[in-house]
Amino acid sequence: MTSKRKVLQQLSKERKDLLGKIDRLSAFIVKEGHKLSSPLHLTLLNTQLRAMQTYLECLDARIIDLRGEK
């Protein structure tokens, strides 16, 4: 297997794992967000979610870039 293919597989696995984490955090925020002890906690969780989504966009861009280098 070429190193490019290995990198693509690793990035795809990381992307899949990250999507699962984003889904779980989003579900938690929707279900439990109103129970948090302060608005700051919710703000921190939303900030973490946005950071994860930004990282997902970076992974997507890298995967697209690697697939385009044929």
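Student: Where is Lys13 found?
Tutor: Lys13 is found in helix H1, where a helix is a DSSP run of H or I with at least four residues, numbered from the N terminus. This is a predicted model, in which local features need pLDDT of at least 70 and side-chain atom pairs count only at pLDDT 80 or more, while totals for chains, interfaces and linings use all residues. Residues are numbered from 1 along each chain as its sequence is written, and side-chain values use heavy atoms, with hydrogens and water left out.

Student: And is Lys13 buried, exposed or in between?
Tutor: Lys13 counts as partly exposed because its relative accessibility is 48%; buried means under 20% relative accessible area, exposed over 50% and partly exposed in between, with a 1.4 Å probe and protein chains only.

Student: How far is Lys13 from Ile64?
Tutor: Their C-alpha atoms are separated by 15 Å, and the two residues lie 51 places apart along the chain.

Student: What about Lys16, buried or exposed?
Tutor: Lys16, which is also placed in helix H1, has 64% relative accessibility and therefore counts as exposed.

Student: Then which residues of H1 are buried?
Tutor: They are Leu8, Leu11, Leu18, Ile22, Leu25, Ile29 and Glu32, and what covers them includes H2.

Student: Take Leu11, what does it touch?
Tutor: Leaving aside residues up to four places away in sequence, Leu11 touches Leu59, Arg62, Ile63 and Leu66, contact meaning heavy atoms within 4.5 Å. Leu11 has 12% relative accessibility, so it counts as buried. The C-alpha atoms of Leu11 and Leu59 are 6.7 Å apart, although 48 residues separate the pair along the chain.

Student: Changing topic, at what angle do H1 and H2 cross?
Tutor: The axes of H1 (residues 3–32) and H2 (residues 39–68) cross at roughly 155° and come within 10 Å of each other. Those axes are lines fitted to C-alpha atoms over the stretch in contact, with angles running from 0 to 180 degrees between N-to-C directions. That angle makes H1 roughly antiparallel to H2, a term for angles over 145 degrees.

Student: Which residue classes make up that contact?
Tutor: The contact of H1 with H2 divides into 18 nonpolar, five polar and seven charged residues; here Ala, Val, Leu, Ile, Met, Phe, Trp, Tyr, Cys and Pro count as nonpolar, Asp, Glu, Lys and Arg as charged, and the others, Gly among them, as polar.

Student: How many residues has H2, and how far does it reach?
Tutor: H2 has 30 residues and reaches 43 Å from its first C-alpha to its last, close to the 44 Å expected at 1.5 Å a residue, the expected span being 1.5 Å times one less than the number of residues. H1 likewise has 30 residues and reaches 43 Å between its first and last C-alpha, close to the expected 44 Å.

Student: Which residues of H2 are buried?
Tutor: Leu49, Met52, Leu56, Leu59, Ile63 and Leu66 are the buried residues of H2, and H1 is included in what covers them.

Student: Last one, what does Arg67 touch?
Tutor: Arg67, found in helix H2, touches Leu8 and Ser12, not counting residues up to four places away in sequence. Arg67 and Leu8 are 59 residues apart in sequence, and their C-alpha atoms are 8.0 Å apart in space.

Note on methods:
Helix = DSSP H or I, 4+ residues; strand = E, 2+ residues; numbered from the N terminus. Parallel < 35°, antiparallel > 145°, perpendicular 65-115°, else oblique.
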